[in-house]
Amino acid sequence: MIKKHNFSAGPCVLPKSVIQKASEALIDFDNGLSLIEISHRSKPFVDVMEQARALALELLGLEGKGYKALFLQGGASTQFLMVALNLLEKRAGYLNTGTWSDKAIKEAKIYDDIYEVGSSKSAGFNYIPKGYDIPEDYDYFHCTSNNTIFGTQMKQFPDSPIPMVCDMSSDIFSRQLDFSKFDLIYAGAQKNMGPAGTTLVVVKEDILGKVSRKIPSMMDYKVHISKGSMFNTPPVFAVYVSMLTMQWLKDLGGIKAIEEENEKKARLIYSEIDLNPLFKGYAVKEDRSNMNATFTLENENLKETFDAMWKEAGINGLNGHRSVGGYRASMYNALSLDSVKVLVEVMSELESKA
């Protein structure tokens with residue numbers, strides 16, 4: 001089987017051991033029954049769900065701190081709406097750093113007044129705003145930790161005087177943070193945790209139940225907490241693979257260990273981008289993402305040659321998002337340092353040919 005170096009922005013690269021174990025479970029998970037055949041109420045799958053929720057809190061260091069972990073459906077896009085339904089009473093502050101935060105703002109505006117505390121939209125979202133104020137009388141502050149399309153990442157988070165909500169879809173479990181600073185974290189699985197189909201929500205229980213509106217049952221965090229993420233039929237395969245991926249990460253040494261690998265990968269690719277005159281980074285240097293390196297060719301006449309070279313090297317998913325163009329190397333947790341070395345070698349080879 002030809003090895004592929006998968007730089008896709010999502011669905012993400014997954015550990016080979018996780019894919020192997022998940023494929024076996026599709027055939028025989030419980031005494032001759034497939035994982036996707038068994039009842040989600042059966043003890044074997046209830047154990048999976050409980051383990052997945054426990055692993056999420058353990059990896060984030062939030063055990064025993066008043067948080068609940070949920071695995072829901074609808075992707076992070078549903079969370080744009082669900083956050084507002086559960087937390088927004090009068091007004092909320094949003095930091096606008098990219099396409100997904102822009103969409104989150106649009107959804108929240110359906111329910112009440114939204115104030116952008118800062119925005120980099122006018123600069124094509126190539127940096128993270130700094131020095132903004134968070135009003136103390138707002139219901140919550142919302143930010144996006146990593147922006148896959150533009151390749152920016154928040155390196156510091158404010159000490160928010162109000163509940164802080166963060167969309168961590170594309171860098172969840174990738175770096176050490178004080179996760180107790182956040183009152184609600186959500187992350188679509190397909191960026192750095194598992195296949196599309198489930199979304200991790202980690203919420204501090206004491207921020208819930210404070211809005212006056214009636215919340216539909218399917219959109220109410222308290223309902224999902226009370227049912228252990230089993231209010232309706234959960235996406236069993238996506239939850240199972242996410243559980244396997246979190247267990248893989250724990251066995252590696254947790255977030256501390258993977259952060260060290262992620263920093264090595266980021267240093268390697270950005271060094272080549274900065275030293276190779278044929279390439280130019282998109283995001284400002286201080287805000288560059290360790291997950292998604294975005295860059296362009298200085299000479300578009302070399303595009304056909306470069307594209308042929310990286311494809312020949314077994315590289316997949318390198319094309320940039322249509323709104324930015326160029327290239328995007330997504331270096332999620334399961335992508336090896338060796339894969340980044342292959343890409344850098346191709347970039348260096350292009351320079352020697354030009």
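The structure is a predicted model, in which local features need pLDDT of at least 70, side-chain atom pairs count only at pLDDT 80 or more, and totals for chains, interfaces and linings use all residues. Residues are numbered from 1 along each chain as its sequence is written, and side-chain values use heavy atoms, with hydrogens and water left out.

The protein chain contains nine helices and 14 strands, where helices (H or I, at least four residues) and strands (E, at least two) are DSSP runs numbered from the N terminus. Its radius of gyration, taken over C-alpha atoms, is 21 Å, which agrees with the value near 20 Å that a compact globule of 354 residues would have; that rule is 2.2 Å times the number of residues to the power 0.38. Along the principal axes, the C-alpha atoms fill a box of roughly 65 × 55 × 30 Å. Of the 354 residues, 54% are buried, a word that here means under 20% relative accessible area, with exposed meaning over 50% and partly exposed lying in between (1.4 Å probe, protein chains only). Among the contacts (heavy atoms within 4.5 Å) with a separation of 6 or more, 67% are between residues 24 or more positions apart.

Strands count as paired if DSSP finds at least two bridges between them. Strand β5 (residues 141–144) pairs with β8 in the parallel sense over four bridges, and T144 has D167 as its bridge partner in β8. Three bridges join β8 to strand β9 (residues 184–188), again running parallel, and here the bridge partner of V165 is L184.

Finally, M309 lies in helix α8 (residues 303–312). Is M309 buried or exposed? M309 counts as buried because its relative accessibility is 11%. Leaving aside neighbours within four places in sequence, M309 is in contact with V346, E349, L350 and K353.
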